[in-house]
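Please keep the sequence and the model in view while reading.

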Amino acid sequence: IAVIIPSYNYGSFLVEAIESVLRQTRPADEILISDDCSNDNTQEIGEAYQKKYPNLIRFNKNNKNLGIVKHFNKAVSLIKSDYICFLGADNRFRSDYIENTAEVLDSDDKIAIAYTDCALFGSRASLLYNTVPSSQKGGILEDVYYIVTFPDFTPKVSETMKMTNVMHGSSMYKRKAFL
């Protein structure tokens, strides 16, 4: 299992993202912090974690800003694992995220992607939550976490996925499905 933490000027959030990956009940086999040519402290943080965990964490800094799609594709080319999971540098995982999503992928060769509901948090959480369709609003916890629910996979959801996103970007993929 590889976790790719892409960052572009998200150094102020990066430590929380990395630490959430390090606290997993099923640890990642490799962690790649990939910097898309930031001009903040992303490189300093990434290199410090690479030095602290040399057998687990690698740091990559792109020579020029590639943008989201090219950056993600380059990051995938730099890892070896069969399972790939992205975690935006401004996000965090629950401590059982890798365990639960990997368990779903392990359960059936035909399953290619595992995803979960998510919780929005931070200063913009309520604004983002207000843009979510009412059918996906899962409630607000402790006036801090805004739960967004994603539909279970069905043939109808499969058709919907051709037109719109029905899952978050931190879903776990089998490499062959991603490629």
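Which backbone oxygen lies 2.8 Å from a polar atom of the side chain of Ser 20? In this predicted model, it is the backbone oxygen of Ala 17. Ser 20 has its place in helix α1, and with a relative accessibility of 1% this serine counts as buried. If its neighbours within four places in sequence are left aside, Ser 20 is in contact with Leu 87, Arg 92 and Phe 93.

Because Glu 16 lies in helix α1 (residues 11–22) and Arg 92 in the loop between β4 and α4 (97–106), the pair ties together parts that are 76 residues apart in sequence. Glu 16 is partly exposed at 39% relative accessibility, and Arg 92 is likewise partly exposed, with a relative accessible area of 33%.

| Salt bridge | N to O distance |
|---|---|
| Arg 26 – Asp 106 | 3.1 Å |
| Asp 35 – Lys 61 | 3.8 Å |

The side chains of Arg 26 and Asp 106 meet in a salt bridge. Since Arg 26 belongs to the loop between α1 and β2 whereas Asp 106 belongs to helix α4, this pair ties together parts that are 80 residues apart in sequence. Arg 26 counts as partly exposed at 31% relative accessibility, and Asp 106 also counts as partly exposed, at 44%.

The side chains of Asp 35 and Lys 61 meet in a salt bridge as well. Here Asp 35 lies in strand β2 and Lys 61 in strand β3 (residues 57–61), so the pair ties together parts that are 26 residues apart in sequence. Asp 35 is buried, with a relative accessible area of 0%, while Lys 61 counts as partly exposed at 29% relative accessibility.

**Asn 60 and its surroundings**

Strand β3 also contains Asn 60, which counts as buried at 11% relative accessibility. A polar contact of 3.0 Å joins the side chain of Asn 60 to that of Asn 62. Leaving aside its neighbours within four places in sequence, Asn 60 is in contact with Leu 32, Ile 33, Ser 34, Asp 35, Lys 74 and Leu 78; among them is Asp 35, the aspartate that meets Lys 61 in a salt bridge.

**The sheet**

In what order do the strands of the open sheet of six strands run? The order is β3-β2-β1-β4-β9-β5, and the pairing is mixed. The edge strands are β3 and β5 (113–114), each of which pairs on one side only. Strands of a sheet pair through backbone hydrogen bonds, in either the parallel or the antiparallel sense. In this sheet, β4 and strand β9 (residues 172–174) pair in the antiparallel sense over three bridges, and Cys 85 stands opposite Met 172 in β9.

**Cysteines**

Is Cys 85 buried or exposed? Cys 85 is buried, with a relative accessible area of 0%, whereas Cys 37 is partly exposed, with a relative accessible area of 28%. A disulfide is a covalent bond between the sulfur atoms of two cysteines. A search of the whole structure finds zero disulfides.

**Helix α3**

Which residues of helix α3 (residues 68–77) are buried? They are His 71, Ala 75 and Val 76. Because these residues cover an arc of only 135° around the axis, they lie on the same side of α3. On the other side of the helix, Val 69, Lys 70 and Ser 77 are exposed. The buried residues of α3 pack against β1 (2–7), β2 (30–35), β4 (83–86) and α7 (175–178).

How values were computed
Residues are numbered from 1 along each chain as its sequence is written. This is a predicted model: local features need pLDDT of at least 70, side-chain atom pairs count only at pLDDT 80 or more; totals for chains, interfaces and linings use all residues. Side-chain values use heavy atoms; hydrogens and water are left out. Buried means under 20% relative accessible area, exposed over 50%, partly exposed in between (1.4 Å probe, protein chains only). Helices (H or I, at least four residues) and strands (E, at least two) are DSSP runs, numbered from the N terminus. The arc is that of the directions from the helix axis to the C-beta atoms. Contact means heavy atoms within 4.5 Å. A disulfide is a pair of cysteine sulfur atoms within 2.5 Å. A salt bridge is a side-chain nitrogen of Lys or Arg within 4 Å of a carboxyl oxygen of Asp or Glu. A polar contact is a pair of N or O atoms within 3.5 Å; within protein, one must be able to donate a hydrogen and the other to accept it, and residues adjacent in sequence count only if both atoms are side-chain atoms. Two strands pair if DSSP finds at least two bridges between them.
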